[in-house]
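Please keep the sequence and the structure in view while reading.

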Amino acid sequence: MKGVNFLRTAVIILSIVSGALLIALGVAVLVIHALRRNAKRNTQIDKMTGLLNRDGFMRAGNEILRHNKVLAGDYALFVFDVDHLGMVNTLFGVERGDSVVRAFAGAVKSLAGKTGLCGRVNTDDFALLVKLQGEEISEVIERFSGYLYSVIPENRLRDKVNFFAGVCIYDGADDIYTLYNKANLCLMTKRGGLRVTEFTSDMENRMVENELLRSEMSEALEKGQFELYYQPKVSFKTGKILGVEALIRWHHPTKGFVPPTDFIPIAEEFGIITRIDEWGLITACRQGKKWMDKGLPPVKISVNMSQAQFQRTDVYASVVKALEETGFDPHYLEIEVTETMAMLDAEHMAEILSKIHSLGVSISIDDFGTGYSSLSSLKTIPFDVLKIDRSLVCDVSENDTSRRITGAIVAMGKALRMVVLAEGVETDEQNRLLSEIGCDLAQGYYYSKPCPASEIETMLILPVGENTAG
Ligand code: C2E
Ligand code: CA
Ligand code: CA
């Protein structure tokens, strides 16, 4: 009997213990689940603003759109791009840049309200999925625009920061990624001020084409499909070729020749431009060294640099590397930056370009006359050459105002001890007038179109006057 009682007690104790163990295990599993869920949620939150990050926004957005009661026209997705944030950071400090981001995040959150969804999908991009609730999209855009502009903390920041927005209305079929891509695509047509561009179907074809070009461009460098052409810069006085500008050409395997104006903006948008420009820089230096070694008359080679290159890479280090690797004399290298680039980020540009200049490399201001022509940047950036934009040059023979403006630009360039070059000279008349106005150099079809290195070699060997059309 005693034995039976003992056994019964043992069984009871054992079942209590195993029950407790099971409960403890269950609790542990629940805790682990909760912790995991929390950790996952944390990885979907942007720490600085507390908004969902890209991953979080996409997941939550997908949930909303997959809901079977969501119909075409119910929602619109906005992508906001806070432009020039890098510049605010540089000019006013990172804290100010962060305050703009936070202010904007708060505004987007309040626009989302209870029924919408918002997130910080990139450093300076926000996404907002809003329920339209019968309101016309144009009304929503107008309401949002006024409000968002007012949230920027200080007037001086408000002047520097630009907002762009793209919007696409849900068509009843797209997933969140496609909807986001469509809205994002509208940002490519950036316009000044706070403007919202609405998605249209022809943008879609462009989106597909751009996406294709983007992936092809990544391969084009490895496959050697890019080539540098060179366009002579000729002295008005002597007719001698004193320099050449390197201009990229893409020999596409099926499309044939793709002009840089078609692919450079896409390369900039997707960040591939930095690799392309680095390739261009080193290729131009290698070519220059080759010409020097062949004993050809020395010419300066100028290379175009995009804004992205200055924002995302250490251009000074790239220039040093290209010069060291190729052994090209820095005094024959020239870097071209556009007037707009110099204006947008004057302090940063002044710092980098001064360092590059101290290597012996020349700096030229490109497309002059198309931007704001701020004199202050001409003072702080060590420009050696001023390139008058083609839009002014092509007018000099017909338009008196253009002629006077060009004359004033030449006088200013000379006063600042710059070499003045006229871009896009096409006719005899333009050539004569520009020479009279006092330009030093001419570049344009009148003398030669951009051509392969081998043709430049021939031009450099021929006597002056016979080597170009002029
Ligand atoms: P850009 O720097 O202003 O280059 C001058 C453009 O004007 C070139 O166009 C040139 O072919 C064209 N041009 C020269 N003379 C004449 C003329 O008499 N009449 C006319 N109608 N056009 C003339 P291209 O080669 O198509 O290049 C276009 C733009 O693409 C360049 O403008 C530059 O901004 C950009 N680009 C070209 N190569 C590169 C590169 O390697 N890197 C970067 N970042 N941008 C580049
Ligand atoms: Ca140029
Ligand atoms: Ca130009």
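Helices (H or I, at least four residues) and strands (E, at least two) are DSSP runs, numbered from the N terminus. The model is predicted, and local features therefore need pLDDT of at least 70, side-chain atom pairs count only at pLDDT 80 or more, and totals for chains, interfaces and linings use all residues. Residues are numbered from 1 along each chain as its sequence is written, chains are lettered from A and ligands numbered from 1 in the order in which they are written, and side-chain values use heavy atoms, with hydrogens and water left out.

A residue is near a molecule if one of its heavy atoms lies within 4 Å of it. Ligand 1 has 21 residues around it, of which R249, D277, R390, E426 and Y445 come nearest. Strand β8 supplies the largest share of this shell, 4 residues. The shell comprises 7 nonpolar, 6 polar and 8 charged residues; Ala, Val, Leu, Ile, Met, Phe, Trp, Tyr, Cys and Pro count as nonpolar, Asp, Glu, Lys and Arg as charged, and the others, Gly among them, as polar.

| Residue | Distance to a nitrogen atom of ligand 1 |
|---|---|
| Q231 | 3.0 Å |
| R390 | 2.9 Å |
| E426 | 2.5 Å |

Taken alone, ligand 1 exposes 800 Å², and the protein buries 83% of that (Shrake-Rupley method, 1.4 Å probe).

Strand β7 (residues 226-235) is largely enclosed by the rest of the structure, because 9 of its 10 residues are buried (under 20% relative accessible area, 1.4 Å probe, protein chains only). Two strands pair if DSSP finds at least two bridges between them. β7 and β8 run antiparallel and are joined by 9 bridges; V234 has I241 in β8 as its bridge partner. The two strands form a hairpin with 5 residues between them, and G239 in the turn has a positive phi of about 75°. β7 also pairs with strand β15 (residues 441-443) in the antiparallel sense, over 2 bridges.

**Residue E334**

E334 lies in strand β11 (residues 333-338). Is E334 buried or exposed? With a relative accessible area of 5%, E334 is buried. A polar contact of 3.5 Å joins its side chain to that of S364, although E334 and S364 are 30 residues apart along the chain.

Terms used:
Buried means under 20% relative accessible area, exposed over 50%, partly exposed in between (1.4 Å probe, protein chains only). A polar contact is a pair of N or O atoms within 3.5 Å; within protein, one must be able to donate a hydrogen and the other to accept it, and residues adjacent in sequence count only if both atoms are side-chain atoms.
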